[in-house]
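Take a look at the fold first, and then we can go through it together.

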Amino acid sequence: MLRLTEIKLPLNHDENAINTAILHKLTLQPEQLHSVTVFKRGFDARKKSDIQLIYTLDIEVDNEAALLKKFAKDQHVKPAPDTSYKFVAKAPATLTERPIVIGLGPCGLFAGLLLAQMGFKPIILERGKEVRERTKDTFGFWRGKALNPESNVQYGEGGAGTFSDGKLYSQVKDPKHYGRKVMSEFVAAGAPDEIMYVSKPHIGTFKLVAMVEKMRANIIELGGEIRFSSRVDKLHIDNEQLTGLTLSNGEQLYSKHVVLAVGHSARDTFQMLFDQGVYVEAKPFSVGFRIEHEQSMIDECRFGPNAGNPILGAADYKLVHHCNNGRTVYSFCMCPGGTVVAAASEQGRVVTNGMSQYSRHERNANSAIVVGIDPERDYPGHPLAGIELQRQLEALAFKLGGENYHAPAQLIGDFLSGKPSTELGEVKPSYTPGITLTDLAQALPEFAVTALREAIPAFDRQIKGFAKADGLLTGVETRTSSPICIKRGADYQSVNIKGLYPAGEGAGYAGGILSAGIDGIKVAEALALAMLDADSAP
Ligand code: FAD
């Protein structure tokens with residue numbers, strides 16, 4: 001199999017154009033080309049009137065060796081690498097100990113799935129409910145019902161990314177192609193095939209819910225066990241070796257091999273880990289607001305006359321600005337054609353995030369516009385001080401919103417000119433249960449407000465209309481990533497507690513669904529090999 005890269009074709013090319021381009025590039029006759037698979041498809045939209053699709057193609061041809069020799073100097077004609085996944089271990093039938101996975105977000109899901117596929121019969125513990133029950137609680141909260149602190153956007157089967165845009169791309173280095181394993185498992189569970197090849201795949205909320213259920217069934221079929229409403233409240237540690245844990249109902253489980261994949265919002269669990277002496281460090285994260293514009297404006301700006309083309313879909317953006325006060329402002333978790341969602345997991349706090357459906361057909365585009373903060377400057381002195389800062393900002397947002405889980409919001413124009421908003425413009429807020437117009441400058445530290453006021457007009461120079469007066473800001477965005485890192489060593493185990501495998505976003509080793517899934521695979525492999533070692537020790 002050969003891999004051709006950088007095959008460029010016009011956006012609306014006909015169906016034969018790919019084959020024609022291959023034959024032309026390699027000077028082949030049609031009968032010499034046996035198969036073509038699209039491995040990746042991206043696009044270059046720098047010239048809006050002439051958007052190009054860029055393909056990476058895997059092909060089978062006559063006499064590959066001769067072609068490789070002929071094109072030896074061409075960086076875009078190479079042998080296709082083997083990206084298939086190979087298991088690193090297989091559990092012996094005699095193995096008696098069962099590994100435990102704490103948390104059933106993407107990280108725990110993939111750690112659990114891989115362990116099950118290798119025969120280790122994991123026990124997976126999730127504090128929240130199974131995904132259908134959780135959907136009722138979460139959507140109920142968005143419709144004005146009470147917040148369930150154990151079943152919400154952050155907690156429950158599928159983890160934080162379940163009610164999301166389901167973006168599946170990441171910038172992590174992936175030399176072992178674990179990302180392909182994540183994608184192929186998602187496709188097996190019902191994700192559209194295109195996620196295997198489009199450059200910025202996404203799934204959307206409703207598809208994710210069904211996929212998570214299928215993956216759960218698969219784990220159980222392979223001998224795994226999944227327990228919901230099972231919060232881990234205590235670790236058993238004997239001489240720096242983990243030996244088991246206690247659940248919220250008092251039940252005790254024993255294992256010397258435990259994946260800790262609790263996500264970035266498990267603040268009580270972080271406190272428990274700290275109190276029990278697990279080594280944790282404060283780490284940087286970001287704070288800011290969600291910004292909403294009409295999606296049509298973003299499409300027009302990115303794609304010009306090609307706006308609305310189904311291959312391009314709803315346009316996204318990625319923006320960064322380095323401010324005069326030394327801060328960096330950037331867009332994060334951009335959700336084209338989506339909605340801003342209430343993402344609180346604690347009573348009396350307001351937090352924003354974003355989600356969309358697969359179609360991305362909602363009227364507004366939203367993204368977090370956030371300012372980077374770090375422990376040295378902004379929350380020094382204690383490893384958990386970042387959590388305290390998050391809580392303060394979320395409680396302040398709750399107050400500014402009217403103490404009923406409505407989010408404080410302001411028109412962009414009013415925010416930039418420093419006056420409270422009293423009336424909405426053309427951009428209608430998508431956040432439910434509702435918003436309260438106010439002065440958002442009160443919602444964040446002064447340096448962050450100054451930075452945002454500088455960055456938004458700067459972004460307008462890249463996306464015309466970004467600083468549009470009636471665009472909307474909703475606050476606050478505080479959970480861009482974990483405020484702590486649960487340090488692990490090269491063996492993937494906690495640096496001071498053997499047998500504990502901190503993983504995923506909460507531990508500081510992932511940011512997003514794909515990277516959390518990849519980290520789950522890595523940790524499952526390390527844990528499986530360690531269990532085999534322990535099992536064969538004399
Ligand atoms: P989580 O998904 O947070 O899962 C952790 C799980 O552990 C939770 O289910 C929790 O209930 C459980 N848990 C916590 N404490 C305990 C305990 N003590 N005992 C038992 N269980 C426990 N990322 C993307 O890549 N693309 C997107 O489009 C995207 N959109 C998002 C939209 C929203 C609304 C949100 C909230 C997040 C979004 N993200 C997105 C981020 C993404 O969801 C996270 O990066 C990812 O879910 C992290 O995976 P994880 O498994 O490490 O942690």
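Seven strands form an open sheet with mixed pairing, in the order 14-15-18-13-21-19-20. Strands here (E, at least two residues) and helices (H or I, at least four) are DSSP runs numbered from the N terminus, and two strands pair if DSSP finds at least two bridges between them.

This is a predicted model, where local features need pLDDT of at least 70 and side-chain atom pairs count only at pLDDT 80 or more, while totals for chains, interfaces and linings use all residues. Residues are numbered from 1 along each chain as its sequence is written.

## Inside the sheet

Five bridges pair strand 15 (residues 328-335) with strand 18 (residues 364-373) in the antiparallel sense. V329 stands opposite V371 of strand 18.

## Helices across the strands

Helix 8 (residues 295-303) lies across strand 13 (285-294) and strand 18, at about 90° to strand 13. Helix 12 (residues 446-460) lies across strands 13, 14, 15 and 18, and runs at about 135° to strand 18. Contact means C-beta atoms, placed from the backbone, within 7 Å; angles run from 0 to 180 degrees between N-to-C directions of axes fitted to C-alpha atoms, for helices over the stretch in contact.

## Around strand 1

Strand 1 (residues 2-10) runs antiparallel to strand 3 (residues 52-61), joined by seven bridges, and L9 stands opposite L53 in strand 3. Three bridges join strand 1 to strand 4 (residues 77-79), also antiparallel, with K78 as the bridge partner of R3.

Technical notes
Contact = placed C-beta atoms within 7 Å.
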